[in-house]
Amino acid sequence: MRIAYARVSTDKQELYRQLDALEKVGYDKLIQEKFTGTQKKRAGLNTLFDSARSGDTVIIESISRLGRKTLDILSTVEELKEQGVEVISLKENLDTSTPTGQAMFQMMAVIAQLERDLIVQRVNEGLASAKARGVKLGRPKMDKQKVKDALRLYDSEHYSVKDIIRITGISQGSLYRKIKERESKKLLTKIDESTESKK
């Protein structure tokens, strides 16, 4: 089956140009959506993966329709290839079922890997530079008083979690983590007391 996929980033944009190009080459099924390419989790793209089967071909007007970033585009093509699905991009004249198309895809993979390595290098250099300047790295410590206040408000049962977050300034995740830690400590204390009483 030949599955055509068309995407624009906003509701104000139109799909006409892509649809015209896709209709010229023909397809069995069309999936279209209006959603930003910066997000990999998209309804249309999910439908594409659910619909595609081994032996199928996905046709796009341009490879940029699969995503905004090289890494995301490559990841999508790789996932389709793993499912046994070939990809044809009309604008770039890319067909992963041909030796030339496969070579182009491999060059994209090399570029994407270089991009990954450069990102890691920049991060490591930034961390090393910050450490050399005496900057303390890692998650900042929570204000103990804020935690106490948050737990007190939680125990009062007069405030919602949203209210507690707004009043104290700690995050929802931190609040739940502290509640869980406190409950674990109470449970351990009970177990210890029970063990001692049996001696």
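User: At roughly what angle do the axes of helix H5 (residues 144-156) and H6 cross?

Analyst: Helices are DSSP runs of H or I with at least four residues, strands are runs of E with at least two, and both are numbered from the N terminus. An axis is a line fitted to C-alpha atoms, for helices over the stretch in contact, and angles run from 0 to 180 degrees between N-to-C directions. The axes of H5 and H6 come within 10 Å, and their crossing angle is roughly 150°.

User: At what pLDDT do side-chain atom pairs count in this predicted model?

Analyst: Residues are numbered from 1 along each chain as its sequence is written, and side-chain values use heavy atoms, without hydrogens and water. In this predicted model, totals for chains, interfaces and linings use all residues and local features need pLDDT of at least 70, whereas side-chain atom pairs count only at pLDDT 80 or more.

User: Are H5 and H6 roughly parallel or antiparallel to each other?

Analyst: Angles under 35 degrees count as roughly parallel, over 145 as roughly antiparallel, 65 to 115 as roughly perpendicular, and the rest as oblique. The axes of H5 and H6 cross at roughly 150°. The two helices are therefore roughly antiparallel.

User: How many helices and strands does the chain have?

Analyst: From the N terminus on, the elements run β-α-β-α-β-α-β-β-α-α-α-α. The chain therefore has this total: seven helices and five strands.

User: How many salt bridges does a search of the whole structure find?

Analyst: A salt bridge is a side-chain nitrogen of Lys or Arg within 4 Å of a carboxyl oxygen of Asp or Glu. One of them joins Glu14 and Lys34 (3.8 Å, N to O). That pair links distant parts of the chain, 20 residues apart, with Glu14 in the loop between strand S1 (2-8) and helix H1 (16-25) and Lys34 in strand S2 (residues 29-34). The search of the whole structure finds salt bridges to the number of eight.

User: Which residue meets Lys178 in a salt bridge?

Analyst: An α-helix has 3.6 residues a turn, so residues three or four places apart point the same way. The salt bridge (3.4 Å, N to O) joins Lys178 to Glu181.

User: With which side chain does the side chain of Ser171 make a polar contact?

Analyst: Ser171 lies in the loop between helix H6 (161-168) and helix H7 (172-198), and counts as partly exposed because its relative accessibility is 37%. A polar contact is a pair of N or O atoms within 3.5 Å; within protein, one must be able to donate a hydrogen and the other to accept it, and residues adjacent in sequence count only if both atoms are side-chain atoms. At 2.8 Å, the partner of the Ser171 side chain is the side chain of Ser174.

User: Does Gln18 count as buried or exposed?

Analyst: Gln18 lies in helix H1. Leaving aside neighbours within four places in sequence, Gln18 is in contact with Ala6, Arg7, Val8, Glu61 and Arg65. Because its relative accessibility is 2%, Gln18 counts as buried.

User: What value is phi of Asn93 near?

Analyst: Most residues other than glycine have a negative phi. Asn93 is in the loop between strand S4 (86-89) and strand S5 (94-95), and its relative accessibility of 66% is why it counts as exposed. Phi of Asn93 is positive, near 55°.

Note on methods
Buried means under 20% relative accessible area, exposed over 50%, partly exposed in between (1.4 Å probe, protein chains only). Contact means heavy atoms within 4.5 Å.
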